[in-house]
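Student: I would like a close look at one single part of this model. Please take me through its setting and then its surroundings.

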Amino acid sequence: MVRRPLVVGNWKMNGTRESRKALLADILSGVSETDSAEVGVCAPFVFIPEAAELLESKSILLGAQNVADEDEGAFTGEISAPMLREFGCDLAIVGHSERRLLYGESNQLVAARYKKALDHGLTPILCVGETLDQREQGDTFAVIDGQLAAVFDLAGVESLANAVIAYEPVWAVGTGRTATTEQVQEIHEYLRRKISEREPEISASLRILYGGSVKPENARTLFGMPDVDGGLIGEASLDAESFLSICHSV
Ligand code: PGA
């Protein structure tokens, strides 16, 4: 099974209108449809309409950094999947560790967001991963199992046919500290095996990204691991040269 790698920039809460336009233009000039990797960017909500215009009929995927667990109604501050679709989004990150830890999003809420994304034709990028404390306590697999179980209970394992998973060890996100290739491969292999027990075909075609201090210097070795199908890139996606270099490391 050939899985086309995917590299997605997560801009988080960074930039101005002008700086995002310039960044996107630079990325566009360095990406072509024939590249080995598919490329996406997850922009802050307010930049999405303009980004969608700039990306129209281009090969770069556009994503949001979260999506509501409801379609519409009195949910102040939320943005729904139908809204994101209307404005040209293809992807939505769900369960990023910053959402889980800083804003208290539970496994159940993340699962509900994931399901809404799928229901409306967005590809969810489901983030899973353990904190340093959890790793040191030997709880890594249990934590990931819990994060996946909530999603499987609500949407079914088969929903992964239209989703992407990102393994992001929290201790490596935004810290400059990257997991070793062995640590990464161990978890990616675990994820693929676990899904394979129930849905072998879906598991074989599922893209599992790694995220956590991916840089031009380490991208090639990380992406070289058999179960790593690209990356979710924070800090290094804010600079076109770094991001493109990562995209081309695939
Ligand atoms: P980082 O962020 O590359 O800055 O570690 C990754 C992410 O949060 O998706």
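Where is Val 214 found: between which strand and which helix?

Tutor: Val 214 is found in the loop between strand S7 (207–211) and helix H10 (216–223). Helices (H or I, at least four residues) and strands (E, at least two) are DSSP runs, numbered from the N terminus. The model is predicted: local features need pLDDT of at least 70, side-chain atom pairs count only at pLDDT 80 or more, and totals for chains, interfaces and linings use all residues. Residues are numbered from 1 along each chain as its sequence is written, and side-chain values use heavy atoms, with hydrogens and water left out.

Val 214 counts as buried because its relative accessibility is 5%. Buried means under 20% relative accessible area, exposed over 50%, partly exposed in between (1.4 Å probe, protein chains only).

Now its partners. Leaving aside residues up to four places away in sequence, Val 214 touches Ala 219, Leu 222, Phe 223, Ile 233, Ala 236 and Ile 246. Contact here means heavy atoms within 4.5 Å. Ala 179 is 35 residues from Val 214 along the chain, and their C-alpha atoms are separated by 9.4 Å.

Ile 246 leads on to the next element. Ile 246 is one of the buried residues of H11, along with Ala 240, Ser 242, Phe 243, Leu 244 and Cys 247. Helix H11 (residues 240–247) is mostly covered, with six of its eight residues buried. Those buried residues pack against S1, H1, strand S2 (38–42), H10 and strand S8 (230–233).

Step back to the loop. Ser 213 also sits between S7 and H10. Its phi is near 55°, a positive value in a residue other than glycine. Ser 213 is buried because its relative accessible area is 14%.

Ser 213 also belongs to a pocket lining. The second largest pocket is lined by 18 residues, and Gly 174, Gly 212, Ser 213, Gly 234 and Glu 235 lie nearest its centre. On a 1 Å grid over the protein atoms alone, a pocket is an open set of points where a 1.4 Å probe fits, with protein on both sides within 12 Å along at least five of seven lines; lining residues have an atom within 4 Å of a point. About 190 Å³ of space lies in this second largest pocket. A volume is the space filled by probe spheres set on the points, which are joined across faces, edges and corners. The lining of the second largest pocket divides into five nonpolar, nine polar and four charged residues. Ala, Val, Leu, Ile, Met, Phe, Trp, Tyr, Cys and Pro count as nonpolar, Asp, Glu, Lys and Arg as charged, and the others, Gly among them, as polar.

Then the largest pocket. It holds about 550 Å³ of space. Of its 20 lining residues, Lys 12, Met 13, Gln 65, Arg 99 and Tyr 103 are closest to the centre. The lining of the largest pocket comprises 10 nonpolar, five polar and five charged residues. Helix H4 (residues 97–102) gives the most to that lining, with three residues.

Lys 12 has its own backbone detail. Its phi is near 50°, positive in a residue other than glycine. Lys 12 is placed in the loop between strand S1 (6–10) and helix H1 (17–30). Lys 12 is buried, at 19% relative accessible area.
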